[in-house]
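Subject: Structure handover

Hello,

Here is the structure I promised to pass on. My notes follow below it.

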Amino acid sequence: MMDGLESLPVLPETNGNATTPVLGASDSKHTSASSKSETVELSENPLAVDISDALSEREKVKFSVHTKTTLPEYSKSEFCVVRQHEEFIWLHDRYEENEEYAGYIIPPPPPRPDFDASREKLQRLGDGEGSLTTDEFKKMKQELEAEYLAIFKKTVAMHEVFLTRLAQHPVFRRDNNLKVFLEYDSDLSVRSKNKKERMEGLFKTFNKSTDELLLSATQRDVDDHFEKEKSFLLEYHTAIKDAATKADKMAKSHKNVADSCIKVSGCLVNLGTIEGQALDSFCSCLAEHFEKSRKIEGHLSSDEDLKLTDTLRYYQRDTSAAKDLLYRRLRCLADYEQANKNLDRARAKNKHVHAVSCVCDSSVVLV
């Protein structure tokens with residue numbers, strides 16, 4: 001169920017042509033992941049996909065999707081196209097709406113790139129530059145830029161995992177929409193949903209959730225195996241969701257401690273300067289201790305967020321996709337039973353009509 005996640009692609013640091021986020025210039029600057037196309041292998045899989053490069057701008061992220069294939073339906077054996085997040089969602093929706101794939105667990109779509117929080121922190125830091133010392137400002141800027149870059153790399157990795165799972169699936173990789181997504185070298189002209197479509201999607205999700213609760217209470221699976229799988233999956237999904245929430249809180253707590261250490265370290269340096277030589281040495285030593293603590297807490301926060309929280313959230317989305325599969329099965333069973341009942345009623349009604357017709361024919365003969 002988690003194929004491909006254990007080895008999430010680790011993108012190298014940005015190259016000389018790319019720029020990391022700069023305070024007050026987020027409108028024009030971007031972040032780029034350098035090429036790593038050599039990771040694409042065709043040893044066993046006839047369709048290998050990776051994201052060789054990515055470009056982050058203020059409103060969107062552009063992914064360079066690199067493909068190698070030996071499948072005959074593709075016109076070339078190697079090609080590269082540029083795609084945006086909305087096009088990934090379009091591809092997922094095409095799989096989800098195709099009834100031919102109703103019996104498969106469809107890989108969950110990658111989460112939407114969200115750099116707003118990091119940009120807002122960078123903007124606030126730039127506005128409050130005058131109230132911070134040079135060392136405090138430099139350290140906090142480095143922390144926020146590292147956080148921005150970590151989110152960027154995580155976003156690229158999740159989009160690549162989504163494509164990798166589709167490409168490795170023996171059925172999904174034959175889909176024509178995937179071929180268009182990977183091979184068509186122009187923009188797919190996929191726009192984001194407007195307010196009306198978002199509201200329709202919200203009502204659709206609400207109706208689906210209500211129908212799922214109703215079916216789980218009234219419809220029992222005819223196969224005990226699937227009934228046991230459903231019970232296990234519900235329990236497992238709840239546990240994973242709870243663990244992901246707690247892991248996220250722990251990572252944020254470590255991040256808050258790291259930010260506090262920066263301020264304490266800066267205050268100690270200022271105190272030593274104000275008090276003179278008597279406390280300068282002691283305060284500098286203590287400030288260095290808090291600086292080391294900041295680095296430790298920062299690394300803990302980053303590792304927990306990237307290696308634990310993201311993994312748990314991916315399992316959460318994956319189990320949700322498995323729940324959708326079992327919901328589709330229950331919906332089909334309910335429709336099948338309802339169709340049989342309608343057929344029985346139609347047969348009974350037809351028998352009654354046939355009997356009345358025979359009586360009428362007899363009456364005509366007697367007359």
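First, a term: a crossing is left-handed if the near helix is turned anticlockwise from the far one by less than a right angle, and right-handed if clockwise. Helices (H or I, at least four residues) and strands (E, at least two) are DSSP runs, numbered from the N terminus.

This is a predicted model, where local features need pLDDT of at least 70, side-chain atom pairs count only at pLDDT 80 or more, and totals for chains, interfaces and linings use all residues. Residues are numbered from 1 along each chain as its sequence is written, and side-chain values use heavy atoms, with hydrogens and water left out.

**Helix packing**

Helix H1 (residues 85–97) packs against helix H4 (residues 176–183). Their axes are 9 Å apart, at an angle of about 165 degrees. Axes here are lines fitted to C-alpha atoms, for helices over the stretch in contact, and angles run from 0 to 180 degrees between N-to-C directions. The crossing of H1 and H4 is left-handed.

**Salt bridges**

The structure holds 14 salt bridges (a side-chain nitrogen of Lys or Arg within 4 Å of a carboxyl oxygen of Asp or Glu). One of them joins Lys154 to Asp310, with the closest N and O atoms 3.7 Å apart. That pair links distant parts of the chain: Lys154 sits in helix H3 (residues 134–168) and Asp310 in helix H7 (residues 277–366), 156 residues apart. Asp310 is buried, at 11% relative accessible area. Lys154 is partly exposed, at 22%. The cut-offs: buried means under 20% relative accessible area, exposed over 50%, partly exposed in between (1.4 Å probe, protein chains only). Lys154, Asp305 and Asp310 form a network of salt bridges.

Helix H6 (residues 224–275) has Asp242 and Lys246 four residues apart, about one turn of the helix. They form a salt bridge, 3.3 Å between the closest N and O atoms. Asp242 is partly exposed, at 39%. Lys246 is exposed, at 52%. Lys255 and Asp259 also lie in H6, four residues apart. Their side chains meet in a salt bridge of 2.9 Å, N to O. Lys255 is buried, at 13%.

**Strand S4**

Cys80 lies in strand S4 (residues 78–84). Cys80 is partly exposed, at 43% relative accessibility. The C-alpha atoms of Cys80 and Leu182 are separated by 7.5 Å, although these residues are 102 apart along the chain.

Best wishes
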